[in-house]
Structures are given as C-alpha cells and as structure tokens.
Amino acid sequence: MSSTAPPTATPTTTHWRALLPRPTTGAVMLLLMALAAPLAAQEAAPEYAEEIRTLLANPTVSSALELAEEHDRWALDLLIELTEIPAPPFMEDVRGERFAELLTELGADSVWTDEEGNVIGLRRGTTGDRAIGFGGHLDTVFPEGTDVTVRQVGDTLFAPGVGDDTRGLVVVLSVLRALEEAGLETEDDLLFVGVVGEEGLGDLRGMKHIYREGGLRPDVWVEVDGGGLSRLVTMGLGSVRYRVTFEGPGGHSWGAFGTANPAHAMSRAVRYFQDVADTLTRSGPRTSYNVGRIGGGTSVNSVPFESWMEVDMRSESPESLARIEEVFLDAMQRALEEENALRREGPSLTVDPAKIGDRPSGELEPSLPLIQRALASTSAFGVDGELGRSSTDSNVPIALGIPAVTIGRGGIGANGHAPDEYWVNREAYLAVQRALLLVVAEAGFAGPVS
Ligand SMILES: [Zn+2]
C-alpha cells in the first residue's frame, strides 16, 4: 500500500472519507476500501470485521495508525541499533537493558526485568480487568563473537538477527510509541515484553517462566515473530530434544579391542530408532525426527570413551510426540544392552539421554475472539490471514489453552538463522499498524486519554 492519495473510488469511498476525522493518508483509505471487499477464505466472522471497521473510523485510532507510518524512519534506525547489540542464547541481558530503557522512554507506566531476564513494560488500561501480553524475543541464534554490524544497501539491512527477531522487538516498541503519542487508551492492561530464550537451547525458558504457576500469566498473548502479514500462528508445533551420551572405558583400538565401544552403540541406537520411527512417521499427524549433531572420540586408533548426539523430534500432536519420544528412549536402551552383550572384556557402557528441549504443542479454536480479530485486522490490509502451525513463544500459552497468536514482522525477511540474513524495509509499517489494530481490538478501545 503506498502513502499517495487513493485512486478516485466509488461514491461509497467519498462516504467513508466523511467518516474520517481529518484527511488521512492513502493507507487508511485503502484499509477501509479493503474492508468493503468480500473477505478471503480464512474469513473473520462479520461481527469482528465490523468491530475493526468501527475502530478504523475512530479518529484516535486512525491517528495512531498514521503515527505508526510516520515513525517508519525512526523504526529503521532503532532496528539497526538493536541488531548491533548481540543477544546470543542465555546472553540477552545487554540488549534487554536497552529494551527496558526504550520502554521507559516511550512511556510505559512501569518497567521491570523478571528473574528469568524477560523485560516487561506495563501500560495500564482504564479497567485493567485483563492483561494482554504483547512480545517479541530478545535472543538470536547467533553465538557470542558473531559480527552483528548492519550493512545497509538501499532499504535492505544485512546482519545476523536483523529479522529474527530484532524486527519483532521494533514492532512491539513502535506500537507502544504510536499508542502513547496518539493518546489512545485501552480498557485492559498491556504488557510490552522482550522475551528471553526462544531460540535453540533457550527452550522457551522466558515464556515458561511468564506462564509458570504463580507467574504473570497474561490472559492473552500476541507474539511478533516470523515474516510477512498473512501467517497467523495459532497452533504450536511441539518438540522434544535430547543430547544422548554413551560412555565407556575407552582404550587402544588394538590392545583394547573387544571393549564396549560407545560409537558402535550409538550407531546401533540410531538404526534401531529409525527402523521404528520411519514407520511411525509415515502416517497420522505430521511427526519428524532428526539426528542433528554427533560427536565424541579421541583418535582413529582409540576406542572412544564417549559418543554423543543431539536429536530433535517434533509433532503436530502431543500424543504422537510422546509416542516417538518413547520409541527413541527404547532404542537407546536396546542398543546399549545389545552392545554390552557383544563386549568381550571390560566394563559395560552407560547411556545418558539428557532432555535439552521440551516445547509443548497444541491448537486453538479458530472461533476464539483473538483469532477472529487477528483475521479481521489482517484482512483490513487486503491480506488473507492464514492460520498456521509453528514453533514460537506462543507454544506455551497455546498448550495451556490460553488465547495466543504469533503474527508477522512485516517487510521482507530472508535467510533467518543464517549469517547472511537480511531484511527489507518494504511497507514495514503495515505490520505495526496491523499489530496495533489487533492489540487495541483485543484490549478494548477506551477512547482518547482524558
Ligand atoms: Zn524467532
């Protein structure tokens, strides 16, 4: 959507223009026109489309949307600044501190960092009956020492982590700034959150802490992660991950031949696992398994004293995930027993299957108001919202049956999790506008600040 004047539309457009408090940019006009068009397949129920239409016609809301567009240059500079603050797994604190400063500067009522390192900014609502969590993750996959300097070519930014999920953090902060400057009040409290530990071995530790018994546990969660505008993640892809270590006495490959060999045991274990897992994953809910990393061993002419592997298993269904995990553990045990039975001398091997990841899975009913609002606020931009499944911070509330959705960062992102990641600032403000519309609709519009 461009910010030039809208094409001369049908008479209805003129009627729509009369609704608007003051001349607005093309963007909002096109928003209203898109709403007049029939909604796409993943349609929101009419009452939610109407709710969004009413919000769009409100002068305070449309001025907040305008501000979000006007702040585009500021948002780009902020993205560069935050990207250049490294945030490897378990090392998000420096970026977290800057995020906390920004929450304060942009007008959050109170800001704090919890025991796990999540950074939270509260913006009080007029009633505070509910709390709406709105977040992005602070961490990136890139280890300490990665060069995160941003290289800019036109509207494209090249740097590890520039998209995933630093841009998500910028969307969260941009919504706060637009709400504050427009003086837009909500009924429910809003929690603007920089979440730790979404990536890799962080294992959703930030969200698990927020939703632990007695934790903050917001009534609703909106996460910004992933690309584009259309994808609305309302189903959590669960996964379990293991680092399995087989250990033995080791020794000289000739002199100690016949000693139980952990590498042989591990190879056997992979085979036994795959023999069953392959059949298991050929039917039923989509389920996957992957031996991602292996290691161990001293030298070619030594019996290793340790062999390890890291294994990832995922499934759309919690039951299928539990089943493949069971098959996995059985295969480890069986391989151990058989390899030990084959040894000719020395002590038995041991195996330690250490669980290093546990991301819950689940699905939410599309009829939930939050999901309907996500569909309606997305189609307001002429984009068909598509309900999808993925592994994001929203997995935790989704698995608990708490309304949650992960929405896109906007712009054009590519090569996530790779050093040559880049992000294009192409109409990126639309993602901020959509997020703002969704959050205000869910939290309840309470009018301009009185
Ligand atoms: Zn991410």
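This briefing covers the zinc site, the aromatic pairs and the charge-over-ring contacts of the structure. The model is predicted. The zinc ion is held by donors from His137, Asp164 and Asp225. The structure also holds six aromatic pairs. Two arginines, Arg177 and Arg243, lie over the faces of tryptophan rings.

**Zinc site**

- His137 coordinates the zinc ion through NE2, and Asp164 through an OD atom.
- The four donor atoms subtend angles of 51 to 137° around the zinc ion, so the arrangement is irregular.
- For a tetrahedral label, all angles would have to lie between 85 and 135 degrees.
- Ideal angles for four tetrahedral donors are 109.5 degrees.
- Along the chain, the donors follow the spacing H-x26-D-x60-D.
- Asp164 and Asp225 link distant parts of the chain, 61 residues apart.
- Asp164 sits in the loop between β5 (156-158) and α7 (166-182).
- Asp225 sits in the loop between β8 (220-224) and β9 (231-236).
- Asp164 and Asp225 are both buried.

**Aromatic pairs**

- Six aromatic pairs occur in the structure.
- Phe134 and Phe192 form one of them, with an edge-to-face geometry: 5.9 Å centre to centre and 75° between the planes.
- This pair joins strand β3 (residues 131-137), which holds Phe134, to strand β7 (residues 189-195), which holds Phe192.
- The two residues are 58 residues apart.
- Phe134 counts as buried because its relative accessibility is 1%.
- Phe192 is also buried, because its relative accessibility is 1%.
- Phe158 and Tyr422 form a tilted pair, because their planes stand at 45°, with ring centres 5.5 Å apart.
- Phe158 lies in strand β5 and Tyr422 in strand β20 (residues 422-424), so the pair ties together parts 264 residues apart in sequence.
- Phe158 is partly exposed, with a relative accessible area of 24%.
- Tyr422 is partly exposed too, at 28%.
- Tyr242, Phe273, Tyr289 and Phe328 are linked into a cluster by ring pairs.

**Charges over rings**

- Arg177 lies over the face of Trp74, 4.7 Å from the ring centre.
- Arg243 lies over the face of Trp308, 3.9 Å from the ring centre.

Technical notes
Residues are numbered from 1 along each chain as its sequence is written. This is a predicted model: local features need pLDDT of at least 70, side-chain atom pairs count only at pLDDT 80 or more; totals for chains, interfaces and linings use all residues. Side-chain values use heavy atoms; hydrogens and water are left out. Donors are N, O and S atoms within 2.8 Å of the metal (3.2 Å for Na, K and Ca); water is not among the atoms, so sites may look incomplete. Four donors count as tetrahedral if all angles lie between 85 and 135 degrees; four count as square planar and six as octahedral if opposite donors are over 155 degrees apart and all others between 65 and 115; anything else is irregular. Helices (H or I, at least four residues) and strands (E, at least two) are DSSP runs, numbered from the N terminus. Buried means under 20% relative accessible area, exposed over 50%, partly exposed in between (1.4 Å probe, protein chains only). Rings of Phe, Tyr and Trp (its six-membered ring) pair if their centres lie within 6.5 Å; planes under 30 degrees apart count as stacked, over 60 as edge-to-face and the rest as tilted. A charge sits over a ring if NZ of Lys or CZ of Arg is within 6 Å of the ring centre and within 35 degrees of the ring normal.
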